[in-house]
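Dear colleague,

I am passing on the structure we spoke about, and I would be glad if you could look it over before reading my notes below.

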Amino acid sequence: PGLVAAACRKTLSRERFRGEGEINIVFMDRKAMRKMNKEFLGHDYDTDVIAFNYDVPEAFGDVYISAYKAREQAKELGHPVLEEVLTLVVHGTLHLLGYDDDTPSRQARMFRKQDEILAKTLR
């Protein structure tokens, strides 16, 4: 839990976020994550992370992480599951801050930022 909170804080700090509110990190199974992706985003496929902002002062947003995809991606990339989870936490927090990865250039920018933040988090 401490590393997850640190990853959120590092991301917010790196992006100079000065707002208030709570970020919830929610881990979901494969079925629930796919259902959420279809219901809220109209995508009928597995995804690793989904983030939702809120317009109320006490809740900044929620980051939903697929435990299944975190394990699968960690195995594919050859690193620990914890590292993949922290990557997804940073990625989701960047989404809450307005970053998007819907084009190759936006994805490259977002991945550079998440890799920089993750490197500082794991030190």
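What follows is a short account of the overall fold and then of two residues.

Please bear in mind that this is a predicted model, in which local features need pLDDT of at least 70 and side-chain atom pairs count only at pLDDT 80 or more, while totals for chains, interfaces and linings use all residues. Residues are numbered from 1 along each chain as its sequence is written, and side-chain values use heavy atoms, with hydrogens and water left out.

The protein has 5 helices and 3 strands, where helices (H or I, at least four residues) and strands (E, at least two) are DSSP runs numbered from the N terminus. Read from the N terminus, the order of these elements is α-β-α-β-β-α-α-α. The radius of gyration is 14 Å, close to the 14 Å that the globule rule gives for 123 residues, so the protein is as compact as a globular protein of that length; the radius is taken over C-alpha atoms, and the rule is 2.2 Å times the number of residues to the power 0.38. The C-alpha trace spans about 35 × 35 × 30 Å along its principal axes.

Of the 123 residues, 40% count as buried, which here stands for under 20% relative accessible area, with exposed being over 50% and partly exposed in between (1.4 Å probe, protein chains only). Among contacts (heavy atoms within 4.5 Å) with a separation of 6 or more, 55% come from residues 24 or more positions apart.

Tyr64 lies in strand β3, which covers residues 59-66, and it counts as buried because its relative accessible area is 14%. Beyond its neighbours within four places in sequence, Tyr64 is in contact with Val26, Met28, Met33, Met36, Asp48, Val49, Ile50, Phe52 and Tyr54. Phe27 is 37 residues away from Tyr64 in sequence, yet their C-alpha atoms are 5.9 Å apart. The side chains of Tyr64 and Asp62 are joined by a polar contact of 3.3 Å, meaning a pair of N or O atoms within 3.5 Å; within protein, one must be able to donate a hydrogen and the other to accept it, and residues adjacent in sequence count only if both atoms are side-chain atoms.

His91 belongs to helix α4, residues 81-96, and it is classed as buried because its relative accessibility is 7%. Not counting residues up to four places away in sequence, His91 touches Val49, Asp101, Met110, Phe111 and Gln114.
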